[in-house]
Amino acid sequence: MATIKLFADLKSQPCRAVYLFMKMNNIPSQMVRIDIGSGEHLQEEFTKISPIQRVPVIEDNGFVLGESGAIFRYLACKFKVADHWYPSKDLQQQGRIDEYLNWHHTNTRTTAAMKFRHQFINTLKGKPIKEDEVKRFKTELKKSINIIDKYFLKDEPYIGGKEISVADLQAFCELMQLDIIGEENDYRFNPKVRAWADRVKGKIEPYFDRCQEEGISPMQTYYNQLKSSKL
């Protein structure tokens with residue numbers, strides 16, 4: 001079977017989620033690094049591949065697909081991965097996972113990413129942090145965390161039920177971005193979500209080295225250096 005090209009930057013939350021999904025399911029892949037920090041995703045070479053100018057993107061024998069949710073579904077079906085990742089037999093379970101994936105973008109992602117952006121990017125650019133905006137997104141994020149607890153998890157260990165799914169990867173990779181700026185308590189304050197996060201982390205840990213090396217550690221180190229230099 002042909003190798004799937006994954007265009008990604010492991011500093012990006014959805015890129016990490018797709019990368020981990022492919023690694024955990026032994027999907028033959030070749031990662032092409034696109035440096036979003038330098039704007040490589042906006043350059044002509046990448047735009048020819050994907051006019052949307054966002055990562056992650058996959059290329060499968062000439063077929064190009066973007067958006068992490070669409071990529072999860074495509075790869076799950078093409079490679080017939082274990083059904084718990086994206087259920088084909090249980091439509092209600094599949095529906096719940098789809099519901100989370102769709103809800104994620106305007107809730108978990110919007111609130112967590114914007115809080116991260118206000119603190120990380122403003123520190124990076126030497127701009128004052130808008131504390132009122134940080135507070136607003138923190139409040140909205142708390143609402144999202146409580147919905148994950150009471151609606152998506154309920155009494156189950158994972159968002160999709162008894163086993164890990166693509167929804168868990170999507171949610172966890174988004175939330176753990178807050179660890180970089182030392183704000184992990186913004187999601188770990190909730191005991192059920194904290195236990196879920198530890199559960200997911202345990203599952204992905206054997207596959208996480210490259211994400212840590214190329215994505216998490218450089219940002220964390222740089223952020224801490226910038227903060228220290230301002231003390």
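This is a predicted model: local features need pLDDT of at least 70, side-chain atom pairs count only at pLDDT 80 or more; totals for chains, interfaces and linings use all residues.
Start with the strands. Strand β1 covers residues 4-8, and strand β3 covers residues 57-60. The two run antiparallel and are joined by three bridges. Within this pairing, L6 stands opposite I58 of β3. On to the next partner. Strand β4, residues 63-66, pairs with β3 over four bridges, again in the antiparallel sense. Here D60 faces F63 of β4. β3 and β4 make a hairpin, with two residues between the strands.

Now turn to helix α4. The helix runs over residues 91-106. It has 16 residues and reaches 24 Å from its first C-alpha to its last. That is close to the 22 Å expected at 1.5 Å a residue. Its N-terminal end is capped by D90. A side-chain oxygen of D90 lies 3.1 Å from the backbone nitrogen of Q92.

Which residues of α4 are buried? They are Q94, I97, D98, Y100, L101, W103 and H104. What covers them includes α3 (68-78), α5, α6 and α7 (166-175).

H105 also belongs to α4. Is H105 buried or partly exposed? Its relative accessible area is 33%, so H105 is partly exposed: buried would need under 20%, and exposed over 50%. Leaving out residues up to four places away in sequence, H105 touches S68, T110 and Q170. H105 also shows how sequence and space can be compared. H105 and G69 are 36 residues apart in sequence, and their C-alpha atoms are 9.9 Å apart in space.

Next come the rings. A pair of aromatic rings is described by the distance of the centres and the angle of the planes. The structure holds 11 aromatic pairs. One of them joins W103 and F152, with 5.1 Å centre to centre and 45 degrees between the planes. This pair is tilted. Why does the pair tie together parts that are 49 residues apart in sequence? Because W103 lies in helix α4, whereas F152 lies in helix α6 (residues 131-153). Both rings belong to buried residues. W103 has 18% relative accessibility, so it falls under the 20% limit and counts as buried. F152, at 4%, counts as buried too.

A second pair has another geometry. F116 and F120 are stacked, at 5.0 Å centre to centre with 10 degrees between the planes. Both residues lie in helix α5, residues 108-124. They are four residues apart, about one turn of the helix. F116 is buried, and so is F120.

The charged end of R136 sits over the ring of F137, 4.4 Å from the ring centre. K142 lies over the face of F189, at 5.7 Å from the centre of that ring.

Conventions: Residues are numbered from 1 along each chain as its sequence is written. Side-chain values use heavy atoms; hydrogens and water are left out. Buried means under 20% relative accessible area, exposed over 50%, partly exposed in between (1.4 Å probe, protein chains only). Contact means heavy atoms within 4.5 Å. Rings of Phe, Tyr and Trp (its six-membered ring) pair if their centres lie within 6.5 Å; planes under 30 degrees apart count as stacked, over 60 as edge-to-face and the rest as tilted. A charge sits over a ring if NZ of Lys or CZ of Arg is within 6 Å of the ring centre and within 35 degrees of the ring normal. The expected span of a helix is 1.5 Å times one less than its number of residues. A polar contact is a pair of N or O atoms within 3.5 Å; within protein, one must be able to donate a hydrogen and the other to accept it, and residues adjacent in sequence count only if both atoms are side-chain atoms. Two strands pair if DSSP finds at least two bridges between them.
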